[in-house]
Amino acid sequence: MRDSLRAFLTPTTQALQFTFKTLLGGFVALWCAMRFGLEQPQWSMMTAFIVAQPLSGMVVQKGLARLLGTLVGTVMSVVIMALFAQAPWAFLLSQALWLGLCTAASTLLRSAWSYAFVLAGYTVAIIGLPAIALPLTVFDQAVARCTEISLGIVCATFFSAVLWPQRVERQLAQQARAAWSAGIQTARAALSGEAYGRKGLLETLGRIVAVDAQREHAWFEGNRGRQRAVALRVLSRDLLGLLRLVRGVARQWRQLSPTEADSLSPWLEDVRALLESGERIPLQDAFDRLRAAAQAPGYSASQQYCLERLALVLRQALAANNALLAVERGEAPMQAPAALSWHRDIQTALAYGMRSAVAFLALGAFWLATAWTAASGAMLLAAVICSLFANRENAEQIGLGFMRGILYAIPVAFVVGQVLLPEVTGFPMLCLCLGVPLFFGTLGMAKPAIGATSTSFCLHLIVLSAPQNLMHYDVASFLNQALAIPLGVGFAVLVFRLIGLRHPGWHGRRLLQATLRDLARLTSRPLADAENWFGGRMADRLVQLARHYPALPSQTRSRWDDGIAGLDLGDELLHLRACLAVANLPLGDAESRFLQTVRKVFLVGPSMDRQDALDAPVEDLLGLLEAAPPGIERRLARVALSHLRNSWRQWCQQQGGFGPGAMAIPAATEEGRHGLA
Amino acid sequence: MGLREWALGGVFVSPLLVYALLALLVTGLLRLLLQRVGLTRWIWHEALFDSALYVCVLAAVTAAFGTW
């Protein structure tokens, strides 16, 4: 049996529960809206279907975002109508501008709250366009839409919280454990120098980013959800820190001669085994033993550095274990860091916004030129799709899936709305007529692969059959709508295809520039939040770079290497700043002068002729450290300094046109072979 | 056929709608043909080419049927 067919014929229990909840929420919302005599009760029902999601925290979050966006959009629509009711072009231009700005803001904000911006954008069109013929009714329409949407949200939230609630925060604990174990596996792989590193690193980063995205939803699930959300911020920081330290050990390990490496490998094996077991007391013991061994006279300087860095890995692993326990117990630790930061790009976001505005204006021109009343429906749909899916990788596919749902909904809505409903009276019969097709549609919504198509089917079935207290059946208006809606979606897909904003070369360059800017800012950022700030942004960027990896083999390959080199540099800089902060050495203003120089060097970026740009400042600071009183932190700071210089040098050499596979220097070739290169 | 509305069971259908659907069909066929012949690889921006081709075909169809 085909997979999509199975979703309808042999649904899982969870899908059935979801369907039941959604249908109940939708129909109760419809009943209330009809009972209260609201103007367009179908909006309440649609909202209940739109915010319906499997997990209850998500429903609350999406509902709140929708409500917030609708409120802002409503106010804006009244303002625009008040200003430009008599000037259609000014009216359309201002709406397009607002839509563009909101789309830009929603693509800039990489969180579930971006949905609020999407809503603020297209609510203006939803309220403004039908009201343009009768500008004085805009206030009534605005109030009606707000009421209907709030009603839908309340009903959907109530039923998703009361009936078989599935909580995000419980899944959060499982996902956090999965992220933790992925992190530990990557750390182990990196310590043994396996070539598996790139995939492992990406998987771990992807998991950390994915769990973090759930954090916002857990916030709405009571006190424990909130505690877990806070604990998760600590876990992300500790996991990112663990990856950073492990990569640091791998870099130091590569500087050992084979005999030196051989004598240290029992330690390495020990650490790998300990990471796997993850038990608290042995980890603490091993940390003490390693610290003691690093002071022992038998080892060379680079061996000592290696052991000291290994000890730090153990301490970080201990912290990560504690953070995981805190997430699982639902206890927020004190002094949690700020949340994971994301890669942001205003220029790209503005381009997305401009695309939405252009699509809206083009259809607006079509509307004014043809004077076809139903064309405003097409504008609405194009606005919704362009802003909702603006920055999705597969926006065209989602748009076409949406179109398919509409094409299924049209004949069904014709039968239900024009043939069956005129024959029946009363709410129960209405539920029966609408409920049967919606039941199957909702079953499809529970399956992600056909989610877009099914959601679109349900929504357009409701729109096209338009259940109201006083039904009016009008075949001509149905046909007009049935034409306008696919036209709008088709136009949106066309715009997605015509104005493609995903050119890998350009995208890669933007990512590199953003990395350089962040590296420069890392020199002055407060240390407490720096890990989540830099790590989160770099994780986001690397995941994006990896996605473009197969697209352009030679170029993106070097983009990926640029990303990793940036991550290495940032890691060493963070490590150096942490060591200097702990050591509390009497360096005077030498440290801030050094950081200033580094900042300037990073801002210019790597190139072949700037290989030794960091040499002089590093030598100066090394000299000062030499004179400082001895201690572990001082030694670690010195190692970090020399690694900082080496990483910069290697990055500059990468720019020299050697393919990454054919690096000139042996160290870099080794790095190429090594897993985490 | 001209540029007058069609009466389909009491529903008036704009002739341009019919021409637009016809042009969509013809454009699809032309694209398949181009693909078969191997001319597709000379196209720089496929979506742009498709849109332009569609506009040309629509104009041709309207000119051809509209004057009858």
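User: Which loop of chain A holds A:Ala371?
Analyst: This is a predicted model. A:Ala371 has a phi near 55 degrees, a positive value in a residue other than glycine. A:Ala371 is found in the loop between α14 (346-370) and α15 (375-388) of chain A.

User: Is A:Ala371 buried or exposed?
Analyst: The cut-off for exposed is over 50% relative accessible area. A:Ala371 has a relative accessible area of 63%, so the residue counts as exposed.

User: Where does A:Ala466 lie, and what is its phi?
Analyst: A:Ala466 sits in the loop between α18 (451-465) and α19 (475-498) of chain A. With a relative accessible area of 23%, A:Ala466 is partly exposed. A:Ala466 is not a glycine, yet its phi is positive, at about 40 degrees.

User: Which backbone oxygen does the side chain of A:Thr22 reach?
Analyst: A:Thr22 is part of helix α2 (residues 13-35) of chain A. Its relative accessibility is 4%, so A:Thr22 counts as buried. At 2.7 Å, the side chain of A:Thr22 reaches the backbone oxygen of A:Phe18.

User: Which residues does A:Thr22 touch, not counting those up to four places away in sequence?
Analyst: The helix in question is α2 (residues 13-35) of chain A. Setting aside residues up to four places away, A:Thr22 touches A:Ala48, A:Phe49, A:Ala52 and A:Thr442.

User: What separates the C-alpha atoms of A:Cys431 and A:Val28?
Analyst: A:Cys431 belongs to helix α17 (residues 427-445) of chain A. Leaving aside neighbours within four places in sequence, A:Cys431 is in contact with A:Phe27 and A:Val436. A:Cys431 and A:Val28 are 403 residues apart along the chain, and their C-alpha atoms are separated by 10 Å.

User: How many residues apart are A:Arg207 and A:Glu203 in helix α9?
Analyst: Their side chains meet in a salt bridge at 3.2 Å, N to O. A:Arg207 is partly exposed at 33% relative accessible area, and A:Glu203 is partly exposed at 36%. Both are in helix α9 (residues 197-218) of chain A; the pair is separated by about one helical turn because the residues are four apart.

User: Is A:Asp238 buried or exposed?
Analyst: A:Asp238 forms a salt bridge with A:Arg237, with the closest N and O atoms 3.3 Å apart. A:Arg237 is partly exposed at 25% relative accessibility. The cut-off for buried is under 20%. A:Asp238 has 5% relative accessibility, so A:Asp238 counts as buried.

User: Which helices of chain B does the pair B:Arg31 and B:Asp50 link?
Analyst: The two form a salt bridge, the closest N and O atoms being 2.5 Å apart. B:Arg31 counts as buried at 12% relative accessibility. The residues are 19 apart and link distant parts of the chain: helix α1 (residues 15-37) and helix α2.

User: Which residues are linked with A:Arg247 in a network of salt bridges?
Analyst: Side chains of opposite charge can pair when their charged atoms come close. The count over all chains comes to 23 salt bridges. The network links A:Arg247 with A:Arg251, A:Arg309, A:Asp568, A:Asp571 and A:Glu572.

User: What is the radius of gyration of chain B?
Analyst: Chain B has two helices and two strands, in the pattern β-β-α-α along the sequence. The globule rule gives 11 Å for 68 residues; chain B is well over that, so it is more spread out than a compact globule, with a radius of gyration of 15 Å.

User: What share of the residues of chain B count as buried?
Analyst: The C-alpha atoms of chain B fill a box of roughly 45 × 20 × 20 Å along the principal axes. Of contacts in chain B with a separation of 6 or more, 52% come from residues 24 or more positions apart. Of its 68 residues, the buried share is 26%.

User: Which helix gives the largest share of the side of chain B that touches chain A?
Analyst: The contact takes eight residues from chain B and five residues from chain A. Together the chains bury about 490 Å², 71% of it on carbon and sulfur atoms. The largest share on the chain B side, five residues, comes from helix α2 (residues 46-66).

Technical notes: Residues numbered from 1 in each chain as written. Chains lettered and ligands numbered in written order. Predicted model: local features only at pLDDT ≥ 70, side-chain atom pairs only at ≥ 80, totals over all residues. Heavy atoms only, no water. Contact = heavy atoms within 4.5 Å. Buried area = accessible area lost by both parts, 1.4 Å probe. Rg over C-alpha atoms; globule rule 2.2 N^0.38 Å. Buried < 20%, exposed > 50% of the residue type's maximum accessible area, 1.4 Å probe, protein only. Salt bridge = Lys/Arg side-chain N within 4 Å of Asp/Glu carboxyl O. Polar contact = N/O pair within 3.5 Å; in protein donor to acceptor, adjacent residues only side chain to side chain.
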